[in-house]
6 protein chains.
Amino acid sequence: MSEKPIKETSYPNMVHKFETYAGKLSASQPALMETFWKLHKNVVGDGALDTKMKELMALAISVAARCDGCIAHHVRDALKAGATEEEITDTLGVAVLMGGGTSVVYATHAMEALEQFIDKIN
Amino acid sequence: MSEKPIKETSYPNMVHKFETYAGKLSASQPALMETFWKLHKNVVGDGALDTKMKELMALAISVAARCDGCIAHHVRDALKAGATEEEITDTLGVAVLMGGGTSVVYATHAMEALEQFIDKIN
Amino acid sequence: MSEKPIKETSYPNMVHKFETYAGKLSASQPALMETFWKLHKNVVGDGALDTKMKELMALAISVAARCDGCIAHHVRDALKAGATEEEITDTLGVAVLMGGGTSVVYATHAMEALEQFIDKIN
Amino acid sequence: MSEKPIKETSYPNMVHKFETYAGKLSASQPALMETFWKLHKNVVGDGALDTKMKELMALAISVAARCDGCIAHHVRDALKAGATEEEITDTLGVAVLMGGGTSVVYATHAMEALEQFIDKIN
Amino acid sequence: MSEKPIKETSYPNMVHKFETYAGKLSASQPALMETFWKLHKNVVGDGALDTKMKELMALAISVAARCDGCIAHHVRDALKAGATEEEITDTLGVAVLMGGGTSVVYATHAMEALEQFIDKIN
Amino acid sequence: MSEKPIKETSYPNMVHKFETYAGKLSASQPALMETFWKLHKNVVGDGALDTKMKELMALAISVAARCDGCIAHHVRDALKAGATEEEITDTLGVAVLMGGGTSVVYATHAMEALEQFIDKIN
């Protein structure tokens, strides 16, 4: 099987689509989305833990929750917050410990997302 | 990133594939699928709550459960049962309250599905 | 086995504990919890759907998500919003359709919670 | 910490409570529960796989789904269908492989349930 | 809707991508992945239950967990271990019993994967 | 309702029971559990991220996964690794952002566990 070229999943496209349809949801339910984004801002800002660490945690949860759109977002945002490739793969290890084989599958999605985002951001 | 055109997911195709392979599963396990469809019919019919409300509930669960194929089905069936766009986005709010950021991601999938089904049904 | 008396789970105690420790979390992370409660208020208020219907949806998600503390809350709040016993059990049917046997187990938890809250509220 | 006596969870009580409240749900929603039990009967009966193997699979799913009430049921029913202790713990291994640390936690719940049911059934 | 040709999902491509990115994760976190693969080998080998039965259990969990990449893997590996089509669809029945409608959706994914792998392996 | 004294859940008892039954699972499946504990050791040791940060991540996943036994473990182990109360509640914020209302419920469980473990460890 492994001779065939890989059909790539575009994680940047996932983020782009998310933003488009989140905008449409905001247009229909403005109070909902304004409050959600305020919650987001309150949580990921520096506190006892810094933004980078919280983005890595959000990535760990994304893998454990088997949520590709979440993985796309938090790989990108962890890189933006200054996370290194090694910190990201170490994070994937925690997800695998907690979530076993199903998390290994989604950890590989995070690896593909990492490959796609790393040059655009660093 | 947002200059690139969005690569669309086809929710009608998801429903179409579901029906095709559900048929093949029925052919192999007829008693299983007959009983499942009977359960479906018993549940979604009008009772203390009407079909429309139960389809919206099924959609809320689909988003919380991060199940795209379920979202495709229940956006379509909620529209068929007479749900309005506003009732659907209000439903997505409940899913976001219960499920946070991971549900926001799948709520955007429901928005894309809504856009694809709304003209075909209304 | 069925001759032994049932050891009851107290769903009102669950709500009471939730409120106590949610208060302690608020004391430590006030911005987090203020925004979460604002999100809660924005979502469950009357909109295209009324509060009662949204509480029933939240209950459906609670059962599907296998979350006893959530079941306690939303059985109580659905009753407070005027839901009848029949509307609640009809809601449990949607959860069972979407979630199968694991949801049947948590639907029985909702039945126990219903029995404990119904006289206090109606 | 380990000097304190363990506060035991009663898995037979869980099954007993389940049966009581499933009966109350049936009284309120008879068509729902009749169809669910028919689905149950159709699935767990001997087919390409025998009942014992299907009960073990249901146990594996119960552990992966972190559902104590499901674990209680399917440990009991796997034993009733003739499963040995070794077959049950081998099943728990599959759940751990697929579900990692969270499944290890629920695998220990299955071990406690096994201890409580094994003498009553064999 | 059903006149349009189905846009196929390639389950062999999923396995191929998994292997590629699992290799990259191994390169970055060798101790993690070596231990995970050792766990995999210890679990799926013949024990009280044979490899075929454990692969079918892993498939049941994959469907219940709504994990397409896992479904791809375990349909392939169940076939490799000698499982018949009937044993696989009987396994899907257990997943549907435990997981309801959301598992029916992923059971149809397993049917599509089965169709794609069966000729390559048998 | 809030006049009644709270019926406490003992998180130290949960850890104690886990250790007891994990020992029994090891006795029956030694290769399984030895490899799991090796995976645990490989993952939580200092790497690109330190043990404290990885225990906090494991706690974030535990809350998002609605796993009380996991919460018990990782609150205790985060404290042992030197995490402060503020770092723990900041971690709970990430879980709430990702998991919404269902994660608020389990965040309150983490608060109760924190109260029970903090004096024994610090």
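This is a predicted model: local features need pLDDT of at least 70, side-chain atom pairs count only at pLDDT 80 or more; totals for chains, interfaces and linings use all residues.

Student: Which helices supply the side of chain F that touches chain A?

Tutor: Helix 2 (30-44), helix 3 (51-64), helix 4 (68-80) and helix 5 (85-121) of chain F each supply at least two residues of that side. By class, the residues there are 18 nonpolar, six polar and four charged.

Student: How much area do chain F and chain A bury, and on which atoms does it lie?

Tutor: The two chains bury about 2,400 Å² between them, with 84% of it on carbon and sulfur atoms. Chain F contributes 28 residues to the contact and chain A contributes 28 residues. Six residue pairs are in polar contact across this interface, both residues being at pLDDT 80 or more.

Student: What makes the relation between chain F and chain A a two-fold axis?

Tutor: Chain F is superposed on chain A by a rotation of 180 degrees with 0.0 Å of shift along the axis, at an RMSD of 0.0 Å. That is the relation of a two-fold axis. As for the surface used, 100% of the interface residues of chain F are also interface residues in chain A, so the copies meet through the same surface.

Student: What does the contact between chain B and chain A consist of?

Tutor: It takes 26 residues from chain B and 26 residues from chain A. These chains bury about 2,200 Å² between them, 66% of it on carbon and sulfur atoms. The count here is two salt bridges, and there are nine residue pairs in polar contact, both at pLDDT 80 or more. The side of chain B that touches chain A has ten nonpolar, eight polar and eight charged residues.

Student: Why is the pair Lys24(A) and Glu115(B) called a salt bridge?

Tutor: The closest N and O atoms are 2.4 Å apart, and the limit is 4 Å, so the pair qualifies. This pair crosses between chains, from helix 1 (residues 11-28) of chain A, which holds Lys24(A), to helix 5 (residues 85-121) of chain B, which holds Glu115(B).

Student: Are Lys24(A) and Glu115(B) buried, exposed or partly exposed, and how do you know?

Tutor: Buried means under 20% relative accessible area and exposed means over 50%, with partly exposed in between. Lys24(A) has 34% and Glu115(B) has 37%. Both values fall in the middle range, so both residues are partly exposed.

Student: What makes Arg76(D) buried, and what is the class of Glu19(D)?

Tutor: The relative accessible area of Arg76(D) is 9%, so with a limit of 20% this residue is buried. Glu19(D), at 39%, counts as partly exposed. The two form a salt bridge, with the closest N and O atoms 3.4 Å apart. The pair links distant parts of the chain, 57 residues apart: Arg76(D) is in helix 4 (residues 68-80) of chain D and Glu19(D) in helix 1 (residues 11-28) of chain D. In chain A, Glu19(A), Arg76(A) and Asp77(A) are linked in a network of salt bridges.

Student: What is the N to O distance for Lys52(E) and Glu87(E), and which parts does the pair tie together?

Tutor: The distance is 2.9 Å. Glu87(E) has a relative accessible area of 11%, so Glu87(E) is buried.

Student: How do you know that Ala95(B) is buried?

Tutor: Its relative accessible area is 0%, and the limit is under 20%, so the label applies. Ala95(B) is found in helix 5 of chain B. Leaving aside neighbours within four places in sequence, Ala95(B) is in contact with Ala60(B), Val63(B), Gly100(B), Ser103(B) and Ile61(C). The C-alpha atoms of Ala95(B) and Val63(B) are separated by 6.4 Å, with the two residues 32 residues apart along the chain.

How values were computed:
Residues are numbered from 1 along each chain as its sequence is written. Chains are lettered from A and ligands numbered from 1 in the order in which they are written. Side-chain values use heavy atoms; hydrogens and water are left out. Contact means heavy atoms within 4.5 Å. Buried area is the accessible area (1.4 Å probe) that two parts lose on being put together, summed over both. A polar contact is a pair of N or O atoms within 3.5 Å; within protein, one must be able to donate a hydrogen and the other to accept it, and residues adjacent in sequence count only if both atoms are side-chain atoms. Helices (H or I, at least four residues) and strands (E, at least two) are DSSP runs, numbered from the N terminus. Ala, Val, Leu, Ile, Met, Phe, Trp, Tyr, Cys and Pro count as nonpolar, Asp, Glu, Lys and Arg as charged, and the others, Gly among them, as polar. A salt bridge is a side-chain nitrogen of Lys or Arg within 4 Å of a carboxyl oxygen of Asp or Glu. Buried means under 20% relative accessible area, exposed over 50%, partly exposed in between (1.4 Å probe, protein chains only). Copies are superposed by least squares on the C-alpha atoms of residues with pLDDT of at least 70 in both.
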